Amino acid sequence: MRGFLASSIGVTCAAALTLPLTLPTAAHAAKPAAQESVPGTTQSLPLTPLATTGDSTRSAAPRQRQEQGLPRRDVRPFSLVGVVWDNPNAQLHGQVQVRTRTTGTSTWSTWQDVETHNDDAPDPDTAEHTSSTVRGATAPLWVGDSDGVEVRVKAEEPPAGTRAADQAAEPLPKGLRLELVDPGEEPPAAGAEADGPRGATLGAETAAASAVNADLAPLGATVIPALTKKETEDDLISARGGDADATKARPYVGPRPRIITRKGWGADEKLRERQFGYTKTVKAAFVHHSASGNNYRCSQAPSVIRSIYRYHVKSSGWRDIGYNFLVDKCGNIYEGRAGGVTKPVMGAHTLGFNTNSTGIAVLGTFGSSNPPAAAVNAIARLTAWKLGLYGANPRGTTTLKSGGGNLYKKGKNVRLKVISGHRDGFATECPGRRLYKKLGTARSSSARLQGR
């Protein structure tokens, strides 16, 4: 971790490759080892108006424009679903439901709701937000191994008294498509470092994503190991140019938790943009839920993350996965957006407040389900460490300037809690009512871990 504060601002992929590490030769980069290859796929299927029954020809057309979908059909294997549309600024006002068939069986699920208001997004006016590849999107839903699908998207009924001309307007966004994501094969079990010679099995993109964590773990490591509180404090004092053995006040920082790296969860580094993006500091942490459902085993969490990553990049058109960190129901912590876990990486998680903040997503949906205690504890451990690196008090408040959103206009200075829920910066249900209620517990635990 030594030197991370000095090197965290404005670092690019190219700069990361200047670190004193043995990077792959051209031969290795051109032909990465099999252990690095964890391919996934995305099927993108256009939705069409659903046939209506009992309607006259005269009334069927407006009804069809209000309900689109895909009749039950066989598809290639997938595990995660979502719906996207052309205009990223358009909202889908209505209901999205899917049902799926378990792979190799004739068993179909019941209809499942997909969260339509996906408010995790890049900041307005940033290159990532204004890119021609960006689309509107629902939240993704994890459905497990499936090879059949049916979907229906129904617009909200117009309020009583709405003019006939307004009722005839397109009620659903244009270009609706169903995205079916296969996360690909599981990577090797997370261990301390890559097999074989240092860096010898890594492609260029994987080496770059790993090199920015070189002060914390060997190149190609699948896990950044935990440190004790004293070891973490000593590293931070040294990074600030001090003497760790001096008898003076220790920094308020929690012990570094164990973090599974992008290599550990099997990120295909060729999907993301090559350059890393940074802000100046980390003043706050925003807590999210992924809204992808709770029907996953902890052993499947890497697959869920790979699916969300592919959905954010290939389906939504973002530069990388939106969250800086992810947490599963067993309390495991995962590196999210590439750029270095100690560095102030610009995420795409809280529209309007991605600058000078970090985003943590708990895998699951917590509107009516309680978050596991292990996940809440992981939030506390992660924030105690990450916020402590930047001198932030988990029990405190801070000021962030809004980049624009539905709660605060662009340029407004907003006072927020250092550990906030997504809904504190944007009008949304995220991180779910039940998880939001646990943030007070996370703040207190995080502060105690920092020694406050």
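A disulfide here is a pair of cysteine sulfur atoms within 2.5 Å. This is a predicted model, in which local features need pLDDT of at least 70 and side-chain atom pairs count only at pLDDT 80 or more, while totals for chains, interfaces and linings use all residues. Residues are numbered from 1 along each chain as its sequence is written, and side-chain values use heavy atoms, with hydrogens and water left out.

**Stop 1: the disulfide**

Select cysteine 298 and cysteine 330, which a disulfide joins with an S to S distance of 2.0 Å. A search of the whole structure turns up one disulfide. Turn the view to look along the S-S bond: the torsion about it is about 95°, so this disulfide is right-handed.

Helices (H or I, at least four residues) and strands (E, at least two) are DSSP runs, numbered from the N terminus.

Buried or exposed, what is cysteine 298? Buried means under 20% relative accessible area, exposed over 50%, and partly exposed in between (1.4 Å probe, protein chains only). Cysteine 298 has 17%, so it is buried.

**Stop 2**

A bit of background before you click: most residues other than glycine have a negative phi, and most peptide bonds are trans.

Stay in the loop between S11 and H10 and pick alanine 291. Alanine 291 has a positive phi of about 60°, although it is not a glycine. With 14% relative accessibility, alanine 291 counts as buried.

Next, go to asparagine 356, in the loop between S13 and strand S14 (357-362). This residue too is not a glycine, and its phi is positive, near 60°. Asparagine 356 is buried at 16% relative accessibility.

Then select cysteine 430 and proline 431, where a cis peptide bond with omega of about 10° joins the two. Proline 431 lies in the loop between strand S17 (419-421) and helix H12 (433-437). Cysteine 430 is buried, at 7% relative accessibility.

**Stop 3: the largest pocket**

On a 1 Å grid over the protein atoms alone, a cavity is a set of points where a 1.4 Å probe fits but cannot get out, and a pocket is an open set with protein on both sides within 12 Å along at least five of seven lines; lining residues have an atom within 4 Å of a point. Points are joined across faces, edges and corners, and a volume is the space filled by probe spheres set on them.

The largest pocket has a volume of about 580 Å³. Select Asp113, Glu115, His289, Ala291 and Thr365: of the 34 lining residues, these are the closest to its centre. Strand S4 (94-102), strand S5 (112-114) and strand S7 (141-155) each supply at least two lining residues.

**Stop 4: the largest cavity**

Which of its 13 lining residues are closest to its centre? Select Ala209, Ser210, Ala221, Thr261 and Lys263. Helix H7 (204-211) and helix H9 (262-265) each supply at least two lining residues, and H7 gives the most, with three.
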